[in-house]
Amino acid sequence: METYKHKVHYYETDKMGITHHSNYVRWMEEARVDYLDKIGWNFARLESMGIVSPVTGINVSYKAPSTFDEEITIYTSIAEFKGVKLKIRYNMVNSEGKTVCEAFSEHCFMNLQGGFIRFKKDFPELYEAFTSRVEGDEVNE
């Protein structure tokens with residue numbers, strides 16, 4: 001599990017001073033990019049290998065509001081990887097330790113021609129990096 005910190009910006013809040021729901025998905029993207037960087041497989045490296053990873057699904061569960069200037073810690077981990085689809089878990093917690101959002105994103109991996117990647121055969125080092133970090137489907141706090 002890796003952690004990523006995000007401070008809620010004023011423009012991310014609505015007229016009621018609460019973070020607009022769409023921003024949590026953006027924070028997931030920030031945390032995912034940070035996670036891949038921390039495990040040594042950043043986007044520049046993947047793209048230089050001819051790998052792209054489109055989002056195939058998002059699941060977001062809002063638990064409590066967050067507001068301007070709050071620092072949100074996003075705990076990011078791999079929930080599932082079976083060689084084709086990567087499922088990433090995000091647990092977003094405010095500075096008081098309260099979960100504000102639990103979420104998952106799902107991604108497939110393709111080559112630049114649009115074909116699916118055969119990880120185990122074509123990229124065994126990346127396959128191992130993902131499989132060794134699978135932490136299951138439960139949400140960690």
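How many helices and strands make up the secondary structure of the protein chain? There are 4 helices and 7 strands, counted as DSSP runs numbered from the N terminus (H or I, at least four residues, for helices; E, at least two, for strands). Before zooming in, note that this is a predicted model, where local features need pLDDT of at least 70, side-chain atom pairs count only at pLDDT 80 or more, and totals for chains, interfaces and linings use all residues. Residues are numbered from 1 along each chain as its sequence is written, and side-chain values use heavy atoms, with hydrogens and water left out.

**View 1. The whole protein chain, end to end.** Starting at the N terminus, the order of elements is β-α-α-β-β-β-β-β-β-α-α. The C-alpha trace spans about 50 × 25 × 20 Å along its principal axes. Of the 141 residues, 43% count as buried, where buried means under 20% relative accessible area, exposed over 50%, and partly exposed in between (1.4 Å probe, protein chains only).

**View 2. Asp69, a loop residue with a positive phi.** Here we're in the loop between β3 (55–62) and β4 (71–81), which is where Asp69 sits. Its phi is about 75 degrees, even though Asp69 is not a glycine. Most residues other than glycine have a negative phi. With a relative accessible area of 44%, Asp69 is partly exposed.

View 3. Glu29 and Arg32 are 3 residues apart in helix α1 (residues 22–38), or about one helical turn. Arg32 is buried at 5% relative accessibility, while Glu29 is partly exposed at 38%.

**View 4. Glu106 and Lys85, a salt bridge between two strands.** The closest N and O atoms of this pair are 3.8 Å apart. Glu106 belongs to strand β6 (residues 99–108) and Lys85 to strand β5 (residues 85–93), so the pair ties together parts that are 21 residues apart in sequence. Glu106 is partly exposed, at 22% relative accessible area, and Lys85 is partly exposed as well, at 33%.

**View 5. Asp122 and Arg118, one more salt bridge.** These side chains meet at 3.4 Å, N to O. Asp122 has a relative accessible area of 35%, so it counts as partly exposed. Arg118, at 49%, is partly exposed too.

Terms used. A salt bridge is a side-chain nitrogen of Lys or Arg within 4 Å of a carboxyl oxygen of Asp or Glu.
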